[in-house]
Amino acid sequence: MRIGDLESAGVRLAAMTMVDTAGITRVKIVPLRRLEAVARNGVGYSYLWAAVAGNDHFAAVAPWDTPSGDMRLVPDLEALQPLHASPGYAWAPVRQLDQEL
């Protein structure tokens, strides 16, 4: 769905989701007006989340045992959809990209 169509329908925020290594869905929310820029550049997400457990505690697993480094979450605009049960929101899954590669 096109961003302009979503804006016309009253959507103002985009929820971008991923499932972490503990099987928990994590969400980053951005204003819909910024979504195209976020799709180009991504939004930051710490590597530390690669070592999260189901209880939201972090395992001491090198090299993810300190909150350093930054991956980019890039929304898939082809999959962008309005969330009819949550007026004002749209949803898109993300790709996780490593800035070091």
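**A guided reading of the predicted model**

Visitor: To which residue does the side chain of Asp20 make a polar contact through a backbone nitrogen?
Guide: This is a predicted model, and in it Asp20 sits in the loop between strand 1 and strand 2. A polar atom of the Asp20 side chain lies 2.8 Å from a backbone nitrogen, and that nitrogen belongs to Ala22.

Visitor: Is Asp20 buried or exposed?
Guide: The relative accessibility of Asp20 is 7%. The cut-off for a buried residue is under 20%. Asp20 therefore counts as buried.

Visitor: Which residue forms a salt bridge with Asp20?
Guide: Leaving aside residues up to four places away in sequence, Asp20 touches Arg26, Trp49 and Val52. Side chains of opposite charge can pair when their charged atoms come close. Here the closest N and O atoms are 2.7 Å apart, and the partner of Asp20 is Arg26.

Visitor: What relative accessibility does Arg26 have?
Guide: Arg26 belongs to the salt bridge with Asp20. Arg26 counts as buried, because its relative accessibility is 13%.

Visitor: How many salt bridges are there in the model?
Guide: One of them joins Asp20 and Arg26. The side chains of Asp5 and Arg2 also meet in a salt bridge, at 3.3 Å from N to O. Asp5 is partly exposed at 34% relative accessibility, whereas Arg2 is exposed at 58%. The count of salt bridges comes to two.

Visitor: Which residue in the turn between strand 1 and strand 2 has a positive phi?
Guide: Strand 1 and strand 2 run antiparallel and are joined by seven bridges. Val19 stands opposite Thr25 of strand 2. The two strands form a hairpin with five residues between them, and the residue in the turn with a positive phi, about 85°, is Gly23.

Visitor: Which residue of strand 6 is the bridge partner of Leu13?
Guide: Strand 1 also pairs with strand 6, residues 89-98, in the parallel sense over five bridges. In strand 6, the bridge partner of Leu13 is Tyr89.

Visitor: How many of the seven residues of strand 1 are buried?
Guide: Strand 1 covers residues 13-19. It is largely enclosed by the rest of the structure, because the number of its residues that are buried is five.

Visitor: How many residues make up the largest nonpolar core?
Guide: In soluble globular proteins, nonpolar side chains tend to be buried together. Among the members of this core that touch the most other members are Leu6, Met16, Val30 and Leu35. Helix 1, strand 1, helix 2, strand 3, strand 4 and strand 6 each supply at least two residues of the core. The number of residues in the core is 19.

Visitor: How far apart in space are Leu77 and Gly42, C-alpha to C-alpha?
Guide: Leu77 counts as partly exposed, because its relative accessibility is 26%. Not counting residues up to four places away in sequence, Leu77 touches Met1, Leu35 and Ala39. Leu77 and Gly42 are 35 residues apart in sequence, and the C-alpha to C-alpha distance between them is 12 Å.

Note on methods:
Residues numbered from 1 in each chain as written. Predicted model: local features only at pLDDT ≥ 70, side-chain atom pairs only at ≥ 80, totals over all residues. Heavy atoms only, no water. Buried < 20%, exposed > 50% of the residue type's maximum accessible area, 1.4 Å probe, protein only. Helix = DSSP H or I, 4+ residues; strand = E, 2+ residues; numbered from the N terminus. Pairing = 2+ DSSP bridges. Core = buried A, V, L, I, M, F, W, Y, C linked by side-chain atoms within 4.5 Å. Contact = heavy atoms within 4.5 Å. Polar contact = N/O pair within 3.5 Å; in protein donor to acceptor, adjacent residues only side chain to side chain. Salt bridge = Lys/Arg side-chain N within 4 Å of Asp/Glu carboxyl O.
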